[in-house]
Each structure stands twice: as C-alpha cells, then as structure tokens.
Amino acid sequence: MSTSHPSARRALRRLPLNAAAALTVVICLFPVYWMVTTAFKPSTDIQSYDPRLIPRAWTFDHFQRAVAADGFALFWRNSILVTLSAVLLALVVALGAAYAVARLRWRGRRQFVLAVFIAQMAPWESLIIPIYIISRDTGMLDRLPTLTLIYFMITLPFTVVVLRGFIAGIPPELEEAAQVDGCTRAGAFRKVAFPLLAPGLMATSLFGFITAWNEFTYANFLIIKQQDSRTLPVWLSSFQSTFGTDWGATMAASTLFALPALAIFLALQRHVTAGLASGGVKG
C-alpha cells in the first residue's frame, strides 16, 4: 500500500498536465478533422443549419471536381518544382555558411551570425512591396524562378541557424583525426561530419518544405498575368467566385494539398526526433 500512494500522487499531479495536453491536441486537430470530413460531406449537409461532427453520408464528388478543375496538374508541378528547388538550394548554401561559422574563425563572424538571426526574426511580409518593385524593374514578375529565390531567402536563415548548431555539436576531434589520416578538410567533413548531420538536414528540409509549400502571399502578388505559373495555394482560391464559395471542392482541394506535407512530416519526424534526442543525451 505504501508503494502505491506515491505513484497515485504522481498520477494526480500529472492529471492537469495531461488534460491540458489532450485539450491542446483536440484544439489543434479539430480544424483538420473538420476540413477532411467536410470534403466528404454532400453539399446539402455542408450548407445545413444543423452541422454534424460525423457525416451522415459520404461522397467523393468534391474530390472529383477538385481534380477536374483547370490547372490542377500544372499547379501541382509548379509547387513541387519551386518547393524542392528552394529547399535544395537553401541546404547547399546554408551548409557551407553553417560550417564556416561553426568551424572557422574569421573577422566578422559574430556580426554575420547576428545578421542571420535578425533576418530570421524579420517579418517577410514587410518586404512584399520592395520585392515586387525589384521584380517588376528586372522583368522577373510572373516567373517561377522568382518564387524559388524568395522561398530560398525565407528558409535560408533558419537553415543556417539549425545546421550551425548541429555542426558545433560534432566534436572537431573527429575531423582532425581524419585529417591526420590523410583527408583534406573538405574530405574529413564529407566523410565524418556530414553523415552525422542527417537529423539536422531532415529538420531543416521539413521546415523549408512546409514553409515554401504553404506560402500564398508572394505567389499571389508576384504571379499576376501568367496563370500557368501559379502554385497550389493560389489555386485553392479559384473555388471562390461572385456566386459564392464551393466549400466542398475547397475542402477537398485543401485535403489533397495537405497530403504531401503530411507524408513528408510522417516520414521524417521519427528520424528527426531520434536524432535530436540522441544529440541531447551525448551533449
């Protein structure tokens, strides 16, 4: 009996925290649940004054209209091309910058790190007007490479900060030992440090992908005339018209839009979490 009382007290103390965690999960997931269930509801149920948590009937008509909408395949291609290009470009540039900050000593290094942190904290929406003017004056409006460069700039500061922390956490003695065995500095990094950066690369790739995949503002303001250069977030707004909003098709398209980001998150989340945990233990 004496051993059960401490565990019971611990369980009671954890009860408010567990309840708060459960409430947080419900609040965060309920909009997603409502979006998915609405995508399967008949139009009459969507517009009903008596909303139901569980649909009385299920239909795929909204998904069929979403897939058959103009530009569906083209906008998917544009989003995938722009997102992957921006993420890969950010990883390549940030890897070199993070290595230079974490391993090398050079004048202005601290100022560079401070500038990266300031860029990370800056609201990118405040740069819409200057970026629009620069794009207009250089003839870069309505072009996918413009969006790629913008998403690259948005994700680059975070990528540099995260990779810098991972590189700093790898003992430099490992690379020095490889150099003693005949490797160059670049070879030692490639063979020793780079494989250990997998969790950091996955974490930054996940952040960059979700950020670029969901971005709407720049894609809407910079792609004006060339409709074929628009991305999926802008395409989602095509289900609105002067006659109203097709909520069923909008929710179906939003569900399809969320699937790639969800799949990548589920694929990388376990590896990222395991890598962060193991790095914290080795700290």
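Helices here are DSSP runs of H or I with at least four residues, strands are E runs of at least two, and both are numbered from the N terminus. Ala186, for one, sits in helix α9, which covers residues 185-196. What you're looking at is a predicted model, in which local features need pLDDT of at least 70, side-chain atom pairs count only at pLDDT 80 or more, and totals for chains, interfaces and linings use all residues. Residues are numbered from 1 along each chain as its sequence is written, and side-chain values use heavy atoms, with hydrogens and water left out.

A word on burial before we start: buried means under 20% relative accessible area, exposed means over 50%, and partly exposed is in between, using a 1.4 Å probe and protein chains only.

**Salt bridges**

- A salt bridge is a side-chain nitrogen of Lys or Arg within 4 Å of a carboxyl oxygen of Asp or Glu, and searching the whole structure turns up four salt bridges.
- One of them pairs Arg65 with Asp246, with 3.0 Å between the closest N and O atoms. This pair links distant parts of the chain, 181 residues apart: Arg65 is in helix α3, while Asp246 is in the loop between β2 (244-245) and α13 (247-282).
- Arg65 is partly exposed at 35% relative accessible area, and Asp246 is partly exposed too, at 28%.
- Arg103 and Glu175 also meet through their side chains, at 2.8 Å from N to O.
- Arg136 is partly exposed, with 45% relative accessibility, whereas Asp137 reaches 55% and counts as exposed.

**Around Arg109 and Glu175**

- Arg109 is in helix α5, residues 109-121.
- Arg109 is buried yet has no salt bridge, and the nearest side chain of opposite charge is Glu175, 14 Å away. For charges, Lys and Arg count as positive, Asp and Glu as negative, and His and the chain ends are not counted.
- Contact means heavy atoms within 4.5 Å. Setting aside neighbours within four places in sequence, Arg109 is in contact with Ala100, Val101 and Leu104.
- Ala186 is 11 residues from Glu175 in sequence, and their C-alpha atoms are 9.5 Å apart. With 53% relative accessibility, Ala186 counts as exposed.

**The nonpolar surface patch**

- Val26, Phe30, Tyr33, Leu53, Ile54 and Trp58 make up a nonpolar patch on the surface, and together they have about 640 Å² of accessible area.
- Patches are built from residues with over 30% relative accessible area and no salt bridge; like charges are joined within 9 Å, and nonpolar side chains (Val, Leu, Ile, Met, Phe, Trp, Tyr) within 5 Å. The areas come from the Shrake-Rupley method with a 1.4 Å probe, and for residues only the protein chains shown count as cover.
- Trp58, one of the patch members, lies in the loop between α2 (43-46) and α3 (61-68). Trp58 is exposed, at 54% relative accessible area.

**Other residues to look up**

- Phe72 is in helix α4 and is buried, with a relative accessible area of 16%. Not counting residues up to four places away in sequence, Phe72 touches Ala66, Val67, Trp235 and Leu256.
- Phe72 and Arg110 are 38 residues apart in sequence, with 46 Å between their C-alpha atoms.
- Thr148 sits in helix α7, residues 144-168. Is Thr148 buried or exposed? At 13% relative accessibility, Thr148 counts as buried.
- Leaving out neighbours within four places in sequence, the contacts of Thr148 are with Val82, Ser85 and Ala86.
- Asp142 is in the loop between α6 (128-137) and α7, and it has a phi near 65°, a positive value in a residue other than glycine. Asp142 is buried, at 14% relative accessible area.
- Leu114 lies in helix α5 and is exposed, with a relative accessible area of 51%. Leu114 and Leu89 are 25 residues apart along the chain, and their C-alpha atoms are separated by 22 Å.
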